[in-house]
Amino acid sequence: MAQYVWGYLPEYEKERDDILDAVDTVFRSGKLVLGPSVKAFEQEFAAYHGVEHCVGVDNGTNAIVLGLRALGVGAGDEVITVSNTAAPTVLAIDQIGAVPVFVDVHPETYLMNVEQVEAAITERTRCLLPVHLYGQCVDMAPLEEIAAKHGLPILEDCAQAHGARHYGRIAGSMGKAASFSFYPTKVLGAYGDGGATITSDDETEANLRRLRYYGMEKVYYVVSTPGYNSRLDEVQAEILRRKLTRLDDYIARRRVIAERYAEAFEGTDLITPALAPGNDHVYYVYVVRHQVRDRVIEALKPEGIELNISYPWPVHTQSGFAKLGYREGSLPVTEAAAHEIFSLPMYASLSDVDQERIVEKVQNVLAKL
Ligand SMILES: *Cc1c(COP(=O)(O)O)cnc(C)c1O
C-alpha cells in the first residue's frame, strides 16, 4: 500500500519556481545575514498582525526564550502555562532558569483552563503564557482581566496558530508579546528553522533586537545584557515573505479538509475537534479522540497511514521535567486526554483524493472495532 507523502514535498512541487527564486534573490543580494529580506519580512509579518514590531529569530523555542527575557522574566520567576503543549514551550521557560507552573486544560478543547490561573499566581509569578494549541485560541478576555488585575504581561505562544482569530482579533495581537515558529510543518512553515516574536511595545522590541544579536547595543557593539546569536536566516525570511502572501489560502484549504473530516465522522465514536466560542480555527493539527485510540492507530498502520499524537506524554510526566515535582494525577484532564487523542493527517497540500482514501480507511477501522 502506498505511503502518503506528508509534509512539504507536495507543496514544494507546486511552489518550486517561487521558492527557488527566493533563494536566488538572497544569494544575489550580497547580504546573507540580517539583510533586506529579514527586514521586509518583519514589516510584513507585523502588518499582517496589526502590531508595531516583529523581530525574526532562529526558531520558535528561542522566540519564547527571547520573548520572556524581553518582558523581564528571569531566573527563579514563575511562568503560568499548560503541560498539554509541545515540550519547547516549557523548555524555553526552563532555559532561562524560570519555573513553569501548570494549570489543567479544558476537557473538550484541550486548551488552557483559564479558570485555574488566578489560584496559581504567587508573589513570584512574572508572566502568563497561554498556548493557542492545535490552531485555536485560548479564552483571552478572562485571562486579560487576570493579567491586568495582577500587573502581569501575557506572552502568547502562537507556534500553532498563525492566522487564527478570537472574536475577530488575530492570534499574536492580544498579549504584550507573542512568539511564532516557522518549523516546516507549521501553518506558515519555512524550508528549515525559523521563528519570530512580535509586540507593539517599543521597549520590548528594543530588548528583543538586542537579545537576538548577542545582547549588543548596535551603535557601539557593546554587550549590555548577555544575549544570544538567534537571528532569522535571510533565505528563510525571503521564503517566508513569499509564503505569507499565501497564508490565508493555506488556512482556507485546512478548513475545507477539517470540514470534510467532521462530516465523515459525524455519528461515529470518533470525537472531532470542538470549536471554542469566538474562535476561527486554523487546524494546525486535526486532533480527534477515541476510547481505544491505540487500537485505531495500530489498525491503520498496515494501510500505510501513520498517525501522530499531539501529545502522548504531557510535559509534567516526562522524565526531564521530574524536577518540577508534579505527580501523575496532578493534571487529571490533561492526563486523561493524552491517552485518547491522536491526529488525522492535515496539511494544506493534502489532496481530495488522498483525504478520501484516508477517510474510507478510518471509517472501515471504526466499523470493525
Ligand atoms: C513548534 C512549537 C514550538 C517550538 O518551535 P520550534 O521552531 O520547533 O523551536 C513551541 N511551541 C509550540 C506550541 C509549538 O508547537
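Author: Two strands are said to pair if DSSP finds at least two bridges between them, and the strands themselves are DSSP runs of E with at least two residues, while helices are runs of H or I with at least four, both numbered from the N terminus. Strands of a sheet pair through backbone hydrogen bonds, either parallel or antiparallel. Please keep in mind that this is a predicted model, in which local features need pLDDT of at least 70 and side-chain atom pairs count only at pLDDT 80 or more, whereas totals for chains, interfaces and linings use all residues. Residues are numbered from 1 along each chain as its sequence is written, and side-chain values use heavy atoms, with hydrogens and water left out.

The sheet to study is an open one of 3 strands, ordered β3-β2-β4 with parallel pairing. Its edge strands are β3 (99–103) and β4 (125–128), each of which pairs on one side only. From one strand to the next the twist averages 35 degrees, an angle that runs from 0 to 180 degrees between the N-to-C directions of axes fitted to C-alpha atoms. Strand β2, residues 78–82, pairs with β4 in the parallel sense over 3 bridges, and Val79 has Cys127 in β4 as its bridge partner.

Strand β6, residues 165–166, runs antiparallel to β7 and is joined to β7 by 2 bridges, with Arg169 in β7 as the bridge partner of His166.

Side chains of opposite charge can pair when their charged atoms come close. A search of the whole structure finds 25 salt bridges, and one of them joins the side chains of Glu42 and Arg209 at 3.2 Å, N to O. Since Glu42 lies in helix α2 (residues 36–49) and Arg209 in helix α7 (residues 202–212), the pair ties together parts that are 167 residues apart in sequence.

Note on methods:
Salt bridge = Lys/Arg side-chain N within 4 Å of Asp/Glu carboxyl O.
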